[in-house]
Amino acid sequence: MEPHIMEALINRDAETFFPDTPLRPDAFEKNDAEKIRDIEYHFAQILQTLGLDLNDDSLSGTPARVAKMFVKELFSGLNPVSKPRISLFENKYGYHRMLIEKDITLYSCCEHHFVPIIGKAHVAYIPATQVIGLSKINRLVQYYAKRPQVQERLTIQIANGLKAALGHNDVAVIVDADHLCVAARGIKDVQSSTVTSSYSGKFQNENTRAEFLAFVRTGK
Ligand SMILES: Nc1nc2c(ncn2[C@@H]2O[C@H](COP(=O)(O)OP(=O)(O)OP(=O)(O)O)[C@@H](O)[C@H]2O)c(=O)[nH]1
Ligand SMILES: [Zn+2]
């Protein structure tokens, strides 16, 4: 990739890519087709090492399927081109209470074991001069979730992404998720879940935070 294109891509997500997600310096040198080709080759090696016969008609397409799924779906958030376009609108209504987008569906991938993290994100902000298109909050969550992650980093990236979009810090994020590396293997605890949070700006005030938590707890 041309250096100036790479630089433009990285800058597009500068607030949340570096130094957080541990990327190699050559992370953007291969295009998607080249990445899919390489992953297909290596995943076939893994399946064969496990003793599986890739001539079987059910398995023969699996390396290509997994490679495409990694690049285009599960890990699409490693590509800054996937970053959602954020729509902001003038806050003509003078709405200055908190807005909470709660129960946002979250599927991510544990970077330690490469198995799913499944949960919910609850995201809030207090509008200043602009409001954000609601779906863009969900899209930001999905974008950062589509990377190999640890939950702490995911939570901070969502918060930083929203702060950068809004141009201020009055943002709160809670992620409540099940890690299949804890539930389906290892300790095999299917009951526990992991909660992480980020409170900035006005959400550092105890009463504001309590209001947010009360809304998150309230059912529909
Ligand atoms: N802090 C943090 N740890 C995580 C996350 N996802 C998985 N882990 C933990 O990463 C740790 C990796 O520990 P290791 O001892 O290297 O791996 P392991 O031998 O497979 O550990 P067990 O899961 O205990 O069997 C485990 O304790 C996981 O529970 C996450 O999002 N955040
Ligand atoms: Zn894990």
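Two strands are taken to pair if DSSP finds at least two bridges between them; helices (H or I, at least four residues) and strands (E, at least two) are DSSP runs, numbered from the N terminus. This is a predicted model, in which local features need pLDDT of at least 70, side-chain atom pairs count only at pLDDT 80 or more, and totals for chains, interfaces and linings use all residues. Residues are numbered from 1 along each chain as its sequence is written, while chains are lettered from A and ligands numbered from 1 in the order in which they are written.

Strand 2 (residues 99–110) runs parallel to strand 5, and 2 bridges join them.

Next, display the whole open sheet, whose 5 strands follow the order 5-2-3-6-7 with mixed pairing. Its edges are strand 5 (148–149) and strand 7 (194–199), each pairing on one side only.

Now select ligand 1. Its shell (C-beta atom, placed from the backbone, within 6 Å of the molecule) includes Cys-110, His-112, His-179 and Cys-181. Helix 6 (151–166) and helix 7 (180–183) each supply at least two residues of this shell.

Finally, colour domain 1 (3–82) and domain 2 (88–217) separately; these bounds come from an automatic or database domain assignment. Their C-alpha centres lie 25 Å apart. At the boundary, 10 residues of domain 1 are in contact with 12 residues of domain 2, contact requiring C-beta atoms, placed from the backbone, within 7 Å.

Notes:
Contact = placed C-beta atoms within 7 Å.
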